[in-house]
Amino acid sequence: MGIVAGLDSSSGFTRIVVCDTDTGAVLRQGYAAHPVEPKATEVDPQAWLLSLGEAAAGGLLEGVQAIGVCAQQHGLVPLDQQGGTVRPALVGNDKRAQVAAADLVEALGGRQAWAEAVGCVPQSAQPVAKLRWLARTEPEAARRVAAVLQPQDWLVWQLLGRPARRTTDRGGASGTGYWSAATGTYRPDLVELALGHRVALPEVLGPAEAAGVTPEGLLISAGTGETMAAALGLGLGIGDAVVSLGASGSVMAVHHEALSDPQGMITAFADAAGTHLPVVHTSNAVRTLRGTAEMLGVESLEELSALALKSTPGASGLVLLPYLEGERTPPLPHTAGTLSGLRRESMKPEHLARAAFEGMLCALADALDVLRRRGVAVRRVFLLGAAAELPAVQAAAPAIFGAQVVVPQPADYTALGAARQAAWALGVAHGTLTRQAPPAWRGAAAQVFEPGEELAVGQAVRQQYEATRDQLHPGAFGA
């Protein structure tokens with residue numbers, strides 16, 4: 001039996017899990033908040049190291065043979081020629097680069113040109129847009145940038161003692177906007193388009209490769225982004241999809257090849273296991289439920305769920321198109337939400353509550369269908385987020401998605417994924433594992449819901465929703 005650690009440096013904290021290499025059983029855990037403002041858009045990377053040290057205090061890492069690192073996605077650490085930070089790191093929730101992202105789309109010739117180049121269209125969060133923002137707003141700092149890393153890459157580099165070789169993994173690289181998951185190569189010309197000059201980019205490692213070994217003999221695996229680490233921690237495979245229920249939503253699936261589309265609805269991520277994670281985002285998910293709860297004077301989502309279950313599937317003909325903040329999927333950025341089907345008998349609180357849940361889930365099913373139409377197999381849908389525990393979600397989701405729904409028990413899946421990556425790299429280094437598959441750890445404990453006899457009901461709810469959507473927004477999903 002060996003021992004490995006997984007380190008998750010998220011936007012607000014560092015979490016560490018220490019696991020058995022053979023089973024994935026968690027042996028010890030550590031946690032520390034980052035010493036930064038909760039909604040900070042830039043941060044001194046040293047804060048991540050301080051948090052890491054605090055989380056690992058008390059001998060937490062004693063006996064550990066390998067460490068895997070995941071971190072908040074889309075952060076950018078700009079380095080000068082000596083490896084010092086040019087300025088504080090720009091983190092993923094920074095939206096200041098929205099105009100810069102739009103500029104980049106136009107500069108390359110449109111959304112389709114970007115989708116063909118790197119499998120995604122620039123968004124404000126991505127490093128490529130941050131580089132453009134830096135060049136436009138801080139030109140002197142931009143001229144000093146000689147290399148760029150993402151947060152997990154910088155932490156790996158620090159753990160290894162800042163060697164001359166800097167590395168990343170294919171999962172992290174695929175979120176930059178200048179690395180193509182389809183070709184497995186960088187597009188340095190896109191970095192130059194954004195920043196004004198070329199810079200050193202980290203070497204992209206394969207899934208089971210080690211970034212290096214510390215002088216003390218501790219193996220450090222390649223590291224990856226939080227999304228890819230969570231997929232590895234959940235044990236996802238071909239046929240699995242993940243629907244994340246935050247204020248906005250996302251649908252991600254494991255697929256054997258990179259996907260993109262000319263409208264830019266699909267973001268072509270690579271994963272940390274050698275396959276691909278096409279992702280489709282929606283602008284509205286749980287914010288739909290919260291807005292409905294406020295409208296109805298309901299104090300909690302649990303109460304809204306109970307109210308919705310007093311209605312019946314189809315919400316007595318009410319359909320809510322939940323485009324409250326515009327929408328990314330379908331691409332309707334300037335539209336608004338719509339409540340349709342009002343009749344005297346449907347004007348009851350329980351029907352509006354039900355329409356909110358069905359509208360949110362149907363919009364996510366639309367996103368899921370974007371992937372299905374490209375040949376992505378979806379046999380299981382993992383539901384993540386606090387709203388996944390709501391009875392109204394669990395009752396409606398299997399039939400609306402047309403698939404088995406899995407609601408995993410809360411756990412540190414990103415940190416577990418980082419630990420599993422470390423165990424994989426350690427096993428390959430010792431000759432006990434192959435590069436073809438990660439260690440077979442126990443799957444996530446979960447509740448499982450089948451569509452069963454309700455499948456036809458769910459299809460009817462979808463048809464009612466789609467008819468309303470197509471009437472109000474014809475051609476929103478193209479031909």
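Modeller: Happy to, and let's start at the side chain of Lys130, which reaches the backbone oxygen of Ala125 at 2.4 Å. Before going on: this is a predicted model, where local features need pLDDT of at least 70, side-chain atom pairs count only at pLDDT 80 or more, and totals for chains, interfaces and linings use all residues. Numbering runs from 1 along each chain as its sequence is written, and side-chain values use heavy atoms, with hydrogens and water left out.

Lys130 sits in helix H4, residues 127-137 (helices are DSSP runs of H or I with at least four residues, strands are E runs of at least two, both numbered from the N terminus). Lys130 is buried (under 20% relative accessible area, with a 1.4 Å probe and protein chains only), yet Lys130 has no salt bridge (a side-chain nitrogen of Lys or Arg within 4 Å of a carboxyl oxygen of Asp or Glu). The nearest side chain of opposite charge belongs to Asp94, 5.6 Å away. Asp94 does turn up among the contacts of Lys130 (heavy atoms within 4.5 Å). Setting aside neighbours within four places in sequence, that list also includes His74, Leu76, Leu90, Val91, Gly92, Ala97, Ser124 and Ala125.

Now the wider view. The protein has 15 helices and 24 strands. Buried residues make up 56% of its 479 residues. Of the contacts in the protein with a separation of 6 or more, 72% link residues 24 or more positions apart. The C-alpha trace spans about 75 × 50 × 40 Å along its principal axes.

Notes
Buried < 20%, exposed > 50% of the residue type's maximum accessible area, 1.4 Å probe, protein only. Lys, Arg positive; Asp, Glu negative; His and termini not counted. Polar contact = N/O pair within 3.5 Å; in protein donor to acceptor, adjacent residues only side chain to side chain.
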